[in-house]
Amino acid sequence: MSEHENHASHAGASDGADNETCPKCRSRKVIPRVRIIDRNANSGVEELSVEVHEYPYAMFFRGTHRGYLSASVCGECGFTELYLEDPAAFHAAYESALARQRDDQIKRG
Ligand SMILES: [Zn+2]
């Protein structure tokens, strides 16, 4: 009921379903929260992520919000799903970007 649940060790989305079932082959050999390694432009290694910008049209300081992805991997058939960590915060940033775009249009109009 509260928004403080995210502060518990992990932003646990599942309602206590510890053993996930693969949606493809129905195996229970699902490995949750696997980190996905990506390489950035400086050939550094980081986790795969997605971005929204609060000010998408700004040249600088676009208010970037980054969300990290983790994978749920089936150890039977290999089916892999991606999950965004802290989706609520990411969505809030997106809503904020939408609101700013609306404001900009009103000012221009
Ligand atoms: Zn499977």
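Trainee: Among contacts in the protein chain between residues at least 6 apart in sequence, what share joins residues at least 24 apart?

Mentor: This is a predicted model, in which local features need pLDDT of at least 70, side-chain atom pairs count only at pLDDT 80 or more, and totals for chains, interfaces and linings use all residues. Residues are numbered from 1 along each chain as its sequence is written. Two residues are in contact if their C-beta atoms, placed from the backbone, lie within 7 Å. Of the contacts between residues at least 6 apart in sequence, the share joining residues at least 24 apart is 47%.

Trainee: Which element of the protein chain has the lowest mean pLDDT?

Mentor: pLDDT is the predictor's confidence in each residue, from 0 to 100. Helices (H or I, at least four residues) and strands (E, at least two) are DSSP runs, numbered from the N terminus. Strand β6 (residues 80-84) has the highest mean, 95. The lowest, 86, belongs to helix α1 (residues 87-108).

Trainee: How many of the 22 residues of α1 are buried?

Mentor: A residue is buried if 20 or more other C-beta atoms lie within 10 Å of its own, exposed if 12 or fewer, and partly exposed in between, with C-beta atoms placed from the backbone. α1 lies largely in the open, because its number of buried residues is zero.

Trainee: Is D86 buried or partly exposed?

Mentor: D86 lies in the loop between β6 and α1, and its phi is near 55°, a positive value in a residue other than glycine. It has 15 C-beta neighbours inside 10 Å, so D86 counts as partly exposed.
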